[in-house]
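Please walk me through this structure in the viewer. Tell me what to select at each stop and what is there.

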Amino acid sequence: MSVANLFFQQCPFASVASLSSLSPFSHSGPSLRVSVKFTVSCSSLASPVTVLDRNVEKKVAERNEIRLGLPSKGRMASDTLDLLKDCQLSVRQVNTRQYVAEIPQLSNLEVWFQRPKDIVRKLVSGDLDLGIVGLDTVTEYGQGDEDLILVHDALDYGDCRLSLAIPKYGIFENINSLRELAQMPQWTSEKPLRVATGFSYMARKFMRENGLKHVSFSTADGALEAAPAMGIADAIVDLVSSGTTLRENNLKEIEGGVIVESQAVLVASRKSLIHRKGVLDTTHEILERLEAHLRAIGQLMVTANMRGSSAEEVAERLLSHTSLSGLQGPTISPVFCKSDGRE
Ligand SMILES: Nc1ncnc2c1ncn2[C@@H]1O[C@H](COP(=O)(O)OP(=O)(O)OP(=O)(O)O)[C@@H](O)[C@H]1O
Ligand SMILES: O=P(O)(O)OC[C@H]1O[C@H](OP(=O)(O)OP(=O)(O)O)[C@H](O)[C@@H]1O
């Protein structure tokens, strides 16, 4: 059985863990007062799990504490802390220049703040057990290492895509798909398509798999969109979210040119899950909280008092309104008045 399947067997996810809104209402009528609870569901979040499977036996370092890597700065940093806070997992950091912190709700766990790419590297080397980063980063720096397991692959923030983009002008003016790009006669072994990217592993793999034979790569740490205009590259492979940077640099995405759709994910080291004491339970705990929080987005639980002659009559009235009847129907319980002990 895979480790991820084991998680799901052990973890029947909580349905609704947080109450987003309380909205009492009343109804005047016969004597009985009952409290009515019902849930209204607007959306739920699927969470498929991907298991990268190969038997890699690596030494688990000699330490007892469990280590979770979180982005130290950049786009993912504050959203990651916000997500954990929403899951009632508060990260306690003594000061912002300190790279280690704790989450009081998770015993024996150390949080290490690291750059996203280093989180992936340290998961692979066994210096971290768990991490939260973008899927793009795991794929690029994990390079298919099957010790990395995506425990949750849709944390619902950090959305972007890794895309191939080309100029809107010149020889690319009428090129609108990857197939058309691959078929351009210009690319030869002497004069390959020059691609600038910070994602060489994924870009190379993508080009190979899509039949672009004559390609050369250059790399840079930022402002890649300037490379075509500077004459350094013909195309770029970079992250896109709003598309503004591409537009402002006269570049366009093309059909079939998306390499990966990314968002924040929770990653674990397989060897840690299997060999390090407590990692499986801690992962289970984090996963349950994440799932409960993500599933609760868009769901409401409403508690209200209603008058009625019986619980059945109140239920009937509620069930006749589809917008009030909730997922499975209302939960109804009697209210016992303090003054005379009557319902
Ligand atoms: N428009 C975007 N551009 C870049 N990254 C984005 C964007 N939208 C979401 N992301 C996510 O944020 C992550 C990058 O964050 P950021 O660039 O701040 O950190 P970084 O990896 O440390 O970058 P660098 O080391 O290049 O400074 C990406 O890996 C991606 O998952
Ligand atoms: O589609 P958009 O919303 O315009 O976002 C895409 C841009 O954001 C990122 O750059 P970032 O701002 O991180 O700066 P960088 O170029 O220094 O990496 C990415 O590398 C793109 O350049």
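**Stop one: ligand 2**

Select ligand 2 and Thr 245: a polar atom in the side chain of Thr 245 is 2.5 Å from an oxygen atom of the ligand, which puts the pair within the polar-contact limit (N or O atoms within 3.5 Å; within protein, one atom must be able to donate a hydrogen and the other to accept it, and residues adjacent in sequence count only if both atoms are side-chain atoms). For Asp 238, the distance from a polar side-chain atom to an oxygen atom of ligand 2 is 2.9 Å. Ligand 2 taken alone exposes 490 Å², and the protein buries 65% of that (accessible areas by the Shrake-Rupley method with a 1.4 Å probe).

Now show the residues around ligand 2, those with a heavy atom within 4 Å of the ligand. Among them are Arg 75, Gly 222, Ala 223, Glu 225 and Leu 239.

This is a predicted model, in which local features need pLDDT of at least 70 and side-chain atom pairs count only at pLDDT 80 or more, while totals for chains, interfaces and linings use all residues. Residues are numbered from 1 along each chain as its sequence is written, chains are lettered from A and ligands numbered from 1 in the order in which they are written, and side-chain values use heavy atoms, with hydrogens and water left out.

**Stop two: ligand 1**

Select ligand 1 next. Which residues come nearest to ligand 1? Of the 15 residues around it, they are Arg 75, Arg 115, Asp 136, Thr 137 and Ser 241. An N or O atom in the side chain of Asp 136 is 2.6 Å from an oxygen atom of ligand 1. Thr 137 has a polar side-chain atom 3.0 Å from an oxygen atom of ligand 1. Alone, ligand 1 exposes 610 Å², of which the protein buries 76%.

**Stop three: the two domains**

Colour residues 66-158 + 264-297 as domain 1 and residues 160-261 as domain 2; these bounds come from an automatic or database domain assignment. Taken over C-alpha atoms, the centres of the two domains are 31 Å apart. Where they meet, eight residues of domain 1 are in contact with nine residues of domain 2 (heavy atoms within 4.5 Å). Between domain 1 and domain 2, four residue pairs are in polar contact, both residues at pLDDT 80 or more.
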